[in-house]
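Have the model open beside you and follow along.

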Amino acid sequence: MGLGTADDQAAKSDIVLVVRHLCKSFVTKKGAPAQWALDDVSLEAHAGRVTGLVGADGAGKTTLIRTAAGLLLPTSGTVTVLGLDSAKEAIEIQRRVGYMPQKFGLYQDLSVDENMTLYADLQGVPMAERPERFQRLLRMTDLTAFTRRRAGALSGGMKQKLGLACALIKSPRMLLLDEPTVGVDPVSRRELWKIVYALVEKEGIGVLLSTAYLDEAERCQHVVLLHEGRNLDEGAPQKFKDRIRGRVFLITPPADVKPRQIQNHMAGQKGIIDATIRSGRVRVVTEHGWGAQVAETLPAAWRPHIREALPQFEDAFMALIPRRQGHFQIDPHPAVRKGLPQDEVVVQTRGLEKWFGAFEAVKHLSFEVRRGEIFGLLGPNGAGKSTTFRMLCGLLSASGGEIRVAGHDLRRSGAQARAHLGYMAQQFSLYGQLSVAENLTFYGRAYGLGDPKLRERLAWADAEFDLARWRATPAGQLPGGYKQRLAMAAALLHEPDIIFLDEPTSGVDPLARREFWLRINGFAEQGVTVVVTTHFMEESEYCDRMLIMSQGASLAMGTPAEIRKLVRTPDRPDPTIEDAFVALALGEVIPGGHAADNGKGDSP
Amino acid sequence: MLATLRRISALIRKEFASIFKDPRSRMVLIGPPLIQFFIFGYAATFDVKNVRYAVLDEDRSSESRDLLARLHGSENFECVQTLSSDEEIATVIDRQLAKLVVHIGPAFSRDIHIGVPTTVQVILDGRNSNAALIALGYIGTILEQFNRDLAAGGSAGAGGVLLEERAWYNANLQSRWFIVSGLGGVISMVIVMIVTGLSIAREREFGTFDQLLVAPFRPGEILVGKSVPGMLFGFLDALLFSVGAVWWFEVPFRGTITALMLALACFILTIVGVGLLVSSLSMTMQQALLGSFVFMMPAVILSGFTTPIENMPHWLQIGTYLNPVRYIIRALREIFLEGAGVPMIWPQLWPLLLIACVTLPAAAWMFRHRSQ
């Protein structure tokens, strides 16, 4: 943010990167038509400012950055970095540019110091310059205290910072950062941005950075919006936002209405591009010219609660991205499943602990989940969410404490108890060589569905997840969003009472993520209990209640409103869950009895 | 019970589908066994043929020529050089121009004529001790014949004792019979170890195993579902190559087909247990393959497949009782060459079943306890 006058400065400063009519295609096997990862993209990046490549997965961000780093050859068009042609002078470019790929090649068994020395050796940094340079980088990344720790033992955020330090080891004039903040906790994300700003301001480095986090786009001085290999639009974030002024609205739910219900109502209405839940309110983006009529789509009782809001970059992004297919509409009147007693505790842990050797991955965790709730386990990578989750599913034994899921400890109890739950793993975990239909049939039979029932459920999956046209396709060749749909269909085929979803939205683009949450909402409305982990803080708005974890321990638990209330201060009247996480993680707020605990579950 | 069967059949169908859909998996089932079949059948032989030798004949008499002609006429030997001095012997052996040098001294014919014992010196390249020993045996036989003919043609009263050889079960002592008869066991082991060894590790690596573990499968059901494809492929390969041994390599099949099937079935069950145990201990396919080879190498060497167990040190011989391959090699030779039926090979079968009783439940236990 703080660099508002960027555009004027940039015009004067020199250009570090020029991309002209860049096309890049990847040849797929067996004579299939070539995939155009980049299709006639042109852009420029300047020294002394941050240029953001923003787009969903598969937009071509990584391809562009790898081409600029001289790692890929353009199919046509040119990339000029610091005046050098990326196709002919790749080695020269690599000598002058700092490049940090999505997974930076840190040597996990080497210490922080050894990793830095190794990269200094590789880059030929003179011995005499090293002590001073190392010290400065370590101070900047806050890693001074950890120089002797193995890189493998660092947290996700520290690893990224070390990667950045290694990419900066010889004072590059330009920095290429490929999604540097993916899976990094909010505190570390803010720190990474601080480092980037410092580099840009003090050393005048030009930074080209890609991100799938739309809120980060606002931190860039210049944004290039990529979609399916094309440059849709570019400019300062403010320019994007100005364009949709008057088309963004906030609906504050009336006392007896859940935000989710309003969201379900709005999603898919004519003229509505996007409906999301933010800080307990429903945020709506309308199509061009529909702003005036938006109130009419609401039931009369809700109309007084709508007001116009300031656009954010994410709203503009949603408005710019072409819709792929028809609106996703969930059943407005879901059939509530009968015979499920409401308000019953279905998942319960008490003093749950997990040790891996001397490392305590989960520290004394207690919580309860009631039937029909969406319960979120939130936290950055390495917070212990997945470990907790795997213990709940019976995939991992607890080192201490108690777990009850639907009245059973899944680790000890038999196959019968497992038949009532569905599980969707973090990575795609279906059989890639088998077709969509074969995968579903296998899981259906595994859960004991007889042939008539199986046919019925397969038809349901085809309809619900739009899988009919992919039936014969090997699961491994599905596009990303459909892989996730298939995984979800497989987990729900046997109509489980409880579903466990482990990071279901990681690696899924913002469009698919919205659709996914609408579906989850629908299942919860039908009385299915949902336990879900995510490292996207804003997704917690979809949960009924959540547990925020950090370093294996519980930071806070409660409804989204309760969590936000914890950190509300006069100068921060409307905090987000991310603000809450940062404040809690930094110890600015100690969750006491005043907010988190109102009868549902016990706060630590 | 019905639900159990349904789940098992779902798992088996899925296993077959994933093997047949993957071109590489299909290749593994037939390619490597075929290569092994021909390599072991043709290349792995102990019969020594075309031994290159050199001659240093300092006598140059009709007797020495007679002796050398016998060597020359044997298909086992091939004369590569005729030397003229002692010094050349070392060069010829060192440079591996010849495996052995026959040295006939200057007094050879004189000694024969005056009737005193004489010597023929044979210098061997001992670097390959096995081949050297066998070549020496051949020369011994030729010399013996030479002596006998001398005795018959010359001085009377040299009747002596004649050795009459009869090798049972393998009249011509062809080592190919020895190797190829046990080949079905080794090949089926490789197939089963690869198919089952990778089966669980592959699921672990791709994350699908968790999805299996949260489904209502019992460990026993996973065990059966995972074993059946490997057993079937191992069994088919073993039968195929047993037929190949008879038709292609003309190894006699003297026993009963029932005994062969039963022996293979017991052996493959045991190997499935080992394969699944290795697989359930591995987190990645690479680990599983390494683990499989760590098992297979010593298992073959300590099985008596190529070298007799009786030649090993005593403590190692005791160790081989734990090796399932030992039993199948013995059983297969008994069936092929001795004509054994089921009762005769039973002593080889029960130890196999005993090993399976340990490895299979251990693998099932590992499914759940090795995940992290």
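Which strands of chain A does helix H11 (residues 313-320) lie across? I looked this up before anything else, bearing in mind that the model is predicted. H11(A) lies across S11, S12 and S13 of chain A, and runs at about 150° to S12(A).

**The sheet under that helix**

I then wanted the sheet itself. It is an open sheet of four strands in chain A, in the order S12-S13-S11-S14, and the pairing is antiparallel. S12 and strand S14 (306-308) of chain A stand at the edges with a single partner strand each, so one side of each has no neighbour in the sheet.

Is S12(A), residues 272-278, largely enclosed or largely open? Five of its seven residues are buried, so S12(A) is largely enclosed by the rest of the structure. I put that next to the edge position, which leaves one side of S12(A) without a neighbour in the sheet.

Next I followed the pairing with strand S13 (residues 281-286) of chain A, which is antiparallel and runs over six bridges. A:Ile272 has A:Thr286 as its bridge partner in S13(A), and A:Arg278 has A:Arg281. The hairpin of these two strands has two residues between them, and A:Ser279 takes a positive phi near 45° there.

A:Asp142 is not a glycine, yet its phi is positive, at about 65°. I found A:Asp142 in the loop between helix H5 (130-141) and helix H6 (156-167) of chain A. A:Glu503 is not a glycine either, and has a positive phi of about 45°. A:Glu503 sits in the loop between strand S20 (498-502) and helix H17 (510-525) of chain A.

Which of these residues is buried, and which is partly exposed? A:Asp142 has 15 C-beta neighbours inside 10 Å and therefore counts as partly exposed. A:Glu503 has 22 other C-beta atoms within 10 Å, so it counts as buried; the cut-off for buried is 20 or more.

**Chain A as a whole**

I stepped back for some totals. Chain A has 19 helices and 23 strands. Of its 604 residues, 48% are buried. I also checked contacts between residues at least 6 apart in sequence: in chain A, 71% of them join residues at least 24 apart.

**Over to chain B**

My last entry is on domains. Chain B is divided into domain 1 (2-44 + 174-370) and domain 2 (51-152), and their C-alpha centres lie 48 Å apart.

Technical notes. Residues are numbered from 1 along each chain as its sequence is written. Chains are lettered from A and ligands numbered from 1 in the order in which they are written. This is a predicted model: local features need pLDDT of at least 70, side-chain atom pairs count only at pLDDT 80 or more; totals for chains, interfaces and linings use all residues. Domain bounds come from an automatic or database domain assignment. A residue is buried if 20 or more other C-beta atoms lie within 10 Å of its own, exposed if 12 or fewer, and partly exposed in between; C-beta atoms are placed from the backbone. Two strands pair if DSSP finds at least two bridges between them. Two residues are in contact if their C-beta atoms, placed from the backbone, lie within 7 Å. Axes are lines fitted to C-alpha atoms, for helices over the stretch in contact, and angles run from 0 to 180 degrees between N-to-C directions.
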